[in-house]
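Please keep the sequence and the structure in view while reading.

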Amino acid sequence: PQTRFYHFTISKVQGAPDGVSKPMLVANGMSPGPTIEANQWDRIVVNVTNNLDTRTAIHWHGLYQNKTNYYDGTTGITECGIPPGQFLVYNFTLGEFYGTTWYHSHFSTQYTDGLTGALVIHPTDPAPKNIPKWDGEIMVQMTDVYHNFSQELLNAYLSPSGIDGTPGDEPVPDGGSLNGLGQYGGGGDYFNFTLEDDKTYRIRLVNSGSLAPIRFSIDYHPLTIIEVDGTFVKPYVVTGLTIAVAQRYSVLIHTNQTEGHGRYWMRTLLQSNMFTYVQPGQNVDIRGVLKYASGVKNQSLPSAGADPGVPSRKDIGDMDTASLVPAVVSRPPNPTRPYYVNFDFEDNANGVNLAYINGTSWTPLSGNTTLLKVRNAFLTSTTYAPVGGSVQPGDQFLLTEDSIQVVDLIIDNLDNGDHPFHLHGHTPWIMGVGTGRYQGQALNTANALRRDTMVIPADGYTVIRFITDNPGVWAFHCHLVWHMAAGLLMQINSLPTKTGQLDIPQVIIDQCNASA
Ligand code: C2O
């Protein structure tokens, strides 16, 4: 294994991803920030310097942080955020995780303003035999874009009148971008890819957005799905796929289409199912351009027109997990602990619409972290409530397991919207997804897909299974930034004794105690 060093300087700048000037938070002046590329088991060292006038924290989505829970980068849970003018060196090994993922600010809604980037981790073993080979790779990071600064949108969203007069209506994006470029009101630009003719390319797709699921397609090109959040799946050919916020896929394409004369639209279409009001001027049809090397002399854009689709191929939706079968059979172990949770949105006493998991709405601890509380309890040989094997509301909703268990987390979504949930530090098995409440419906015990971000359908349920063998405090939350800020987050504390013994760097404690 190698050690890979990076330096990120976080700053606030004026940018114009879709041609409209807006405030952005960026790493090294860029959004998306620098791509981190490494091999499985490598060590990653990132010195993050905060030049903002607020705190910040960077989370490495999907990584296990085994024995380094304190570098998970989650504000109020594993750190208090890097104060303005200070830095933190995140230093961790990748462990067994590989695949396509991303990093992003985990401080309030900061990543909405552009503080995201790609993480590509190559496996040390060859891909499973049933995965076709590819000649080259490209990265496509797609996101919804808000022209206003997210903190202002958040303040309006979490006010008694809400952003549009209805508390709970999420801020609706103005547009989007593909690798940092989008189009709006006749302005903006197109991200361009030039690929060699007659080759197979792996396209890594990341929805690094805040609210909208995004449908991805390339005119005339069938897409062969081979990876889902780091899990190789049996090749599955589609014409387009819808990717929920924080999910990733890899698709293979072959650059041998004869239609279109070597110039094609790459389409990222924001799905409007979460949009609760009309955003004037909004553009949901964001495009990039894919050119074959043979056609690159022709500088004009592909011709206008609707998506031609791919004959006899269907789409895959963001909840259609049944079509995605692990390439290597993954038989989950039998569960030893079932836990039941549900969530919903309600107005609080001040008329602010908040999210509640089993009755508790999360707010990040200020000047402290759950991790430090668990450690303090360990040092004073008390227990940080709630105690082992229980799941109950507390000042911080926390599921604690004090021995290695196979947990089934049964989640009922009592809300009428879809919610992409993410579990930190683990890749759970998706055991079952359905409509209505969970009442013992059959689970997929034969070959369950493992992925770290799963959509819990509106008025439906999802059952995930994971092993509590990774010491630390791990967030499990809705990845729609507005919902996380409204409290749609719970925490899982695996092995509190080992968590209490983690060697938390003094700088993280000092930064919690720092003013600002
Ligand atoms: Cu991608 Cu809690 O984060």
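## Strands and pairing

Strands (E, at least two residues) and helices (H or I, at least four) are DSSP runs, numbered from the N terminus. Two strands pair if DSSP finds at least two bridges between them. Strands of a sheet pair through backbone hydrogen bonds, either parallel or antiparallel.

The model is predicted: local features need pLDDT of at least 70, side-chain atom pairs count only at pLDDT 80 or more, and totals for chains, interfaces and linings use all residues. Residues are numbered from 1 along each chain as its sequence is written.

Six strands in the order β10-β9-β14-β19-β16-β17 make an open sheet with mixed pairing. At its edges are β10 (175-178) and β17 (231-238), each of which pairs on one side only.

Strand β16 (residues 223-228) runs antiparallel to β17, and five bridges join the two. Thr-224 stands opposite Val-237 in β17.

## Domains

An automatic or database domain assignment sets the domain bounds. They give domain 1 (3-122), domain 2 (136-323) and domain 3 (337-513). Between the C-alpha centres of domain 1 and domain 3 there are 22 Å. Their contact takes 23 residues from domain 1 and 25 residues from domain 3, where two residues are in contact if their C-beta atoms, placed from the backbone, lie within 7 Å.

## The whole protein

The protein has five helices and 33 strands. Its C-alpha atoms fill a box of roughly 70 × 50 × 50 Å, taken along the principal axes. Of the contacts with a separation of 6 or more, 79% are between residues 24 or more positions apart.
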